[in-house]
Number of protein chains: 4
Amino acid sequence: MHFASDNTAGVAPAILAALSAANAGHMPSYGADPLSAAVVARLRAIFEAPEAAVYLVPTGTAANALSCAVLTQPWGAIFCHRNAHIEEDECGAPEFYTGGSKLVLVEGADAKMDPEALRRIIAHTGRGGIHNVQRGMVSLTNATEAGAVYTPAEVAAICAIARDFKLPVHMDGARFANALVSLGCTPAEMTWKAGVEVLSFGGTKNGCMGVEAVILFNPARAHEFETRRKRGGHLFSKHRFLAAQMAAYLEGDLWLDLARHANAMAARLSAGIRTVPGAHLLHPTDANEVFAAFPRGAHRRLQAAGAAYYLWPFDQSLEGDAAESLSARMVTSWATTEAEVDTFLAHLK
Amino acid sequence: MHFASDNTAGVAPAILAALSAANAGHMPSYGADPLSAAVVARLRAIFEAPEAAVYLVPTGTAANALSCAVLTQPWGAIFCHRNAHIEEDECGAPEFYTGGSKLVLVEGADAKMDPEALRRIIAHTGRGGIHNVQRGMVSLTNATEAGAVYTPAEVAAICAIARDFKLPVHMDGARFANALVSLGCTPAEMTWKAGVEVLSFGGTKNGCMGVEAVILFNPARAHEFETRRKRGGHLFSKHRFLAAQMAAYLEGDLWLDLARHANAMAARLSAGIRTVPGAHLLHPTDANEVFAAFPRGAHRRLQAAGAAYYLWPFDQSLEGDAAESLSARMVTSWATTEAEVDTFLAHLK
Amino acid sequence: MHFASDNTAGVAPAILAALSAANAGHMPSYGADPLSAAVVARLRAIFEAPEAAVYLVPTGTAANALSCAVLTQPWGAIFCHRNAHIEEDECGAPEFYTGGSKLVLVEGADAKMDPEALRRIIAHTGRGGIHNVQRGMVSLTNATEAGAVYTPAEVAAICAIARDFKLPVHMDGARFANALVSLGCTPAEMTWKAGVEVLSFGGTKNGCMGVEAVILFNPARAHEFETRRKRGGHLFSKHRFLAAQMAAYLEGDLWLDLARHANAMAARLSAGIRTVPGAHLLHPTDANEVFAAFPRGAHRRLQAAGAAYYLWPFDQSLEGDAAESLSARMVTSWATTEAEVDTFLAHLK
Amino acid sequence: MHFASDNTAGVAPAILAALSAANAGHMPSYGADPLSAAVVARLRAIFEAPEAAVYLVPTGTAANALSCAVLTQPWGAIFCHRNAHIEEDECGAPEFYTGGSKLVLVEGADAKMDPEALRRIIAHTGRGGIHNVQRGMVSLTNATEAGAVYTPAEVAAICAIARDFKLPVHMDGARFANALVSLGCTPAEMTWKAGVEVLSFGGTKNGCMGVEAVILFNPARAHEFETRRKRGGHLFSKHRFLAAQMAAYLEGDLWLDLARHANAMAARLSAGIRTVPGAHLLHPTDANEVFAAFPRGAHRRLQAAGAAYYLWPFDQSLEGDAAESLSARMVTSWATTEAEVDTFLAHLK
């Protein structure tokens, strides 16, 4: 019962096989190989963005921090949700890569920024002229850290506010595929058509070994991105192996199939939880994360049975009143099985 | 005839196989898996350094820049050879990770720092007190960028000078294995026994896909290193796949076998060149790089035949007097064949 | 009626005179002159801190940002009040000088951090290990941005929480003198005896031209501070003129007299406002800032009469219902006269 | 006999008096006062640059480092002479403010960059594409660190090379006035007409207390400069006192008079030295610095008589053979007297 994170799963077989296939012979290094070029072309096609600049990096933190660095100056505020990954889980990587930007935190249910809260805080920031940090950029996460999904209209609403202040928008798409299959729209509709300028397009959590694409729909910052990537130590010499992962991930819509499976497993888990007396969901299950509260006694049973997941927030204890409710996060992945879900539910009841 | 760089070769078969083996089931992420622990133990044993802190990162630039960042303050000078990789080939990554250190360049034959030149320049730097950048650290590369190797005694001589000024020493070992098998000493003798505090231990150029270990023989800076690695976006979530590469690389001394092969191919090439009238070596062939000068006409023949290598420095032209000598760099790898070498030599003659 | 800020006042006459006195002849530069040494000795005596390291800088932003930079690593959180000057009024200088720290904001009335809110947020920060920014330092402001004053016991309570997490404490004392004369305690009691490690000791707002002292009660970071000051461009060559200001400021307790006057003028203004129907105070008037709300009609009268002060927050408008209450900040200084206060009150009534 | 530096002198009387004059009454802070506006207008007129953006900062290091920060990205090389102040005397401030640029050092006599050496090193830098630091900007110093002066034609030659590579040019004019009166050209001819984009216009060394102007002839980077100045802690609240110094400095061409005097004193010293057997000049005396070598015995006599100046380089010793020649730097200022010069020469003979 592996629900700790989608990054505890391994690599999807087709992606692993692609590494072997890419190993034949010598290849130019640093991305000058044909496979790397093919990945760029494929992502441009998928996103209907023939001019987009596309770069591969090994981690989501690198993708996000580099994206922020090309979108804001060091003195620019990055407006994001209080629970955004860039705020809570990257040890200050955005501050490091931007040269000291300030993340200004926005409230909102289900880890989605409330548009009016966003507008107010942007208006407030920089009102004091040179004495304040300036307005820099907006970053939103889709699917969110609470497992919810912004619709294209919701993304567009955020982008419209940003545009009112002439700010660019970044989307952290570490779980982009999960959001996409949930929404049933096109990749373009989720991003540049709604006003997103730079996308962190996740691969690792959805079955790759370690690769994310950064897509700059406006390629004006392409050279800067390349330079920052190199300077950050994220330009792979044997770049073909990043490309091979991404190529296989996209081949035949594997990425969508993997995400559909993960989402289906989350939906199954979520539906099961809803039927358990004393348990309830904390956020909508739009993608592959389930947030739920249920009694401490059930947590003890599950953990005794070997279920892996996090109490969320961390600082809750299994010690205490068995009837009291504790909240938890369960993440499904391409590798989750129906049996795992059903066993979990059996222990929960 | 692939002599452009050791990073145009693919992955050694045993290392590729290890990725598949590591893929079974779920594993804790971020390095908390058993394979990652085993790699730490193995490297400690190889280096006879049971207290050393060991971290994996995906690129050599990350290894070097993070190493510098834990060894010097932003205002500390990094003393290194004028041709060091950190000076010439990392787009300022050390400056970025250290927060603005200055690389102070030292001369010396075969890309080895001349000890007296090093001593003079350290003494000179910081003589003006608070007005100058301060003395920070020393970084040397073994094998060097000119394919030469520092002996343990030579490393010790550099370290002794550093110690006179209370400076720590970093070794860039992107081609550590090539140097080691050339010297026939122990890993410990090449490093901490000679006074090195932090080592970038290369894997990628010698048959891995993309992994380097950073070994801190003095573990006092371990937590800082971990934090900087995370903040730099270099902590892999599916860390087992970095570990799997490194484990296979070290298993049964594969790393030494791969390096011995690469060095033998370079020696074969070097020996062949020495016999060609009008050709001569520019540096000793201590490891897996051959630097040689030979007539422009021969270069034209070789490149027409498909030989891949760099004119070194880059800014020479194949256009012009056929008899004039141009200098070049040829790099061998674990994947180089005797046939490649012999074909190259046949075209050269 | 000059109540916009204490920095719109000029320089106290004795301090201006000291600049002329210091101008005689040649002096060693960069702080090696006798006057600079005398200032260090005097501040050590005033603070009963014979070992303290003392440095002069020209601005409060420099004092604060440099203080933060020596107290936390780039990945350390700086815990401060949401309205702290370092958060709201320095355009990200702390982020710049620290290399990208994150300011983590604490709530509390009158711009004083609530101790339990501070404890909770420190406990929360860094709970996720390497993924979060780490706990770095605490910074409190005395007098606060709301014109209130922390008592020594309140400072000690903040410091005790910091100590529980092994965090150092910085005090922004841009209005230190105003707080001190309000409290009637000793400088030592307000700072190191309560647990403060580094103090920004303000001069500019209280009658100097442009000088602040940074006092490191624990001198271990002295050399680092000196280096950062130089690197930040804040080491004056003609340093005697910073020293002359500070020496005159401290001479014969001028600094206390100036602060007592400013506080008395604020008290007079505050007392007057309390007697005006429809007006009320928003914060206690502990030092030299008065925060009050009164009808828009009164604001119009005052501003028509030439009164200078800020609506606080800025984004309120003089247009609209005359009876509606708007909040404002009035700051007094060493140069404020009773007549100014009384004229203000006359217009207010 | 005060020849240690021009910054050991005090403040010219008219400038000191201007501080008192500026002290009357209240003034808007942060540069919004009329005196600050007048200084901007005056410098624009002097430089025939009605569009130029002009900012005041307290130190030369701040002026230079902020100038570099707006002219190059963190990954851009700053091409400057090996003896430039930004390389040798600012403790890495340019690296700090730029976010980690690399200073690439150019040779040339009298601390003037040799144009062909500059062209070669620019061409060389960045030849390896993304692997190298990129070409960023050029910085030259006038008068140079060796007391020589670039003519407008020489400045134009440097700028033409920069323009060939599309690089902006900064001039460190800490001793701009000394160069200007030496050349007899206009301020515009020395700067923007020759191709300079940003100038650090020195005041402190030539009789001010602590003020430099940064002049951006192309105002496109004005807002960025302002933000960086604030973020660096260099925006004075009582800004009128920076403005008052600069206004008085420029009033009635005082700045030129002060520089003419300093240069005349250097010329007198230089001429005297030329007549002393065993003494010789090391650089031309174009401005207010004299570099000369003379016997150790003479150094001992001078220093015993209280002459203040530096052996240059520092690491020479007064101990040893009396006949052996040691090199030295003597700097004159607005405050140097003919008597001081003549006494020095008397001891030298």
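Colleague: Hi! I'm new to this one. What is the order of strands in the open sheet of chain A?
Modeller: Welcome! This is a predicted model, to begin with. The open sheet has 7 strands, and in chain A they are ordered β1-β7-β6-β5-β4-β2-β3, with mixed pairing.

Colleague: Which are the edge strands?
Modeller: Those are β1 (53–57) and β3 (102–106) of chain A, each of which pairs on one side only. From one strand to the next, the twist averages 20 degrees.

Colleague: Do tell me about β1. In which sense do β1(A) and β7 pair, parallel or antiparallel?
Modeller: Antiparallel, over 5 bridges, with β7 of chain A covering residues 212–216. Within this pair, A:I215 of β7(A) has A:V54 opposite.

Colleague: And which helix lies across β1 and β7 of chain A?
Modeller: That's α10 of chain A, residues 222–231. Helix α10 runs at about 10 degrees to β1(A).

Colleague: Switching topic: how can chain D be laid on chain B?
Modeller: By a turn of 180 degrees plus a shift of 0.1 Å along the axis, which gives an RMSD of 0.0 Å. The two copies are therefore related as by a two-fold rotation axis.

Colleague: Nice. Which C-alpha of chain D is nearest the axis?
Modeller: The one of D:G100, at 2.0 Å from the axis.

Colleague: And what share of the contact residues of chain D recur in chain B?
Modeller: 100%, with the same surface serving both copies.

Terms used. Residues numbered from 1 in each chain as written. Chains lettered and ligands numbered in written order. Predicted model: local features only at pLDDT ≥ 70, side-chain atom pairs only at ≥ 80, totals over all residues. Heavy atoms only, no water. Pairing = 2+ DSSP bridges. Helix = DSSP H or I, 4+ residues; strand = E, 2+ residues; numbered from the N terminus. Axes fitted to C-alpha atoms, helices over the stretch in contact; angles between N-to-C directions. Contact = heavy atoms within 4.5 Å. Least-squares fit on C-alpha atoms with pLDDT ≥ 70 in both.
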